Amino acid sequence: MELPAAAEEIRTLYITGFPLDVKERELDLLFRKCPGYEGSSLRLTPRPVAFASFVDQASALAAMQDVQGVVFDRCVSGTELVVNLAKHNTKTRRPAAAAADGLGSSPEAKRQAVTHLPTFPAYVQSYPAAYAQTGFPVSSEAYYA
């Protein structure tokens with residue numbers, strides 16, 4: 001006799017109450033402060049709905065508590081967010097660059113991946129010397145001297 005498979009832990013939120021002109025960036029900004037946030041997707045139907053994925057159910061429930069009842073747009077009536085656990089987990093989209101280099105899709109993983117500042121080509125580094133020969137001030141301090 002086989003035992004029934006354990007129910008999958010729901011870690012995706014279903015959010016309604018957005019204005020018609022909501023953008024995916026606004027959705028990301030709403031949740032990126034929440035611990036365990038992985039990503040989100042927006043469905044622009046006549047009444048926009050969104051799904052936000054988290055690393056575990058505890059993170060999803062904490063985010064649900066934080067965002068429940070938030071007035072998303074004070075200028076548009078009826079934009080009080082209603083947040084529930086989704087019926088199923090959604091798959092988080094991974095950007096192609098992240099998939100290629102093995103980085104995770106969470107904002108925290110992307111922050112940790114930045115380890116150095118970009119270097120400039122030699123011709124850009126030689127600009128100050130070129131400007132010095134023309135007599136133009138090279139730094140902003142020269143403007144205020």
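Trainee: Where do I start, and how many helices and strands does the chain have?

Mentor: Start with the elements in order. This predicted model has 7 helices and 4 strands. From the N terminus they run β-α-β-β-α-β-α-α-α-α-α.

Trainee: What share of the 145 residues is buried?

Mentor: Buried residues make up 28% of the chain. As for the accessible surface, it comes to about 10800 Å², with 57% belonging to carbon and sulfur atoms.

Trainee: Which residues have the most contacts inside the largest nonpolar core?

Mentor: That core has 20 residues, and Leu13, Ile15, Phe18, Phe31, Phe54 and Leu81 have the most contacts inside it. Two or more residues come from each of β1 (12–16), α1 (24–31), β2 (37–43), β3 (49–54) and α2 (57–67). The most come from α2, which gives 4. Take Phe18 as a case: beyond its neighbours within four places in sequence, Phe18 is in contact with Leu27, Pro48, Ala50, Phe72, Thr79 and Leu81.

Trainee: What does the side chain of Asn89 reach?

Mentor: The Asn89 side chain reaches the backbone nitrogen of Arg11 at 2.7 Å. There is also a polar contact of 3.2 Å between the side chains of Asn89 and Thr12. Setting aside neighbours within four places in sequence, the contacts of Asn89 are Glu8, Glu9, Ile10, Arg11 and Thr12.

Conventions: Residues numbered from 1 in each chain as written. Predicted model: local features only at pLDDT ≥ 70, side-chain atom pairs only at ≥ 80, totals over all residues. Heavy atoms only, no water. Polar contact = N/O pair within 3.5 Å; in protein donor to acceptor, adjacent residues only side chain to side chain. Contact = heavy atoms within 4.5 Å. Core = buried A, V, L, I, M, F, W, Y, C linked by side-chain atoms within 4.5 Å. Buried < 20%, exposed > 50% of the residue type's maximum accessible area, 1.4 Å probe, protein only. Areas by Shrake-Rupley, 256 points an atom, 1.4 Å probe, with all protein chains shown as cover.
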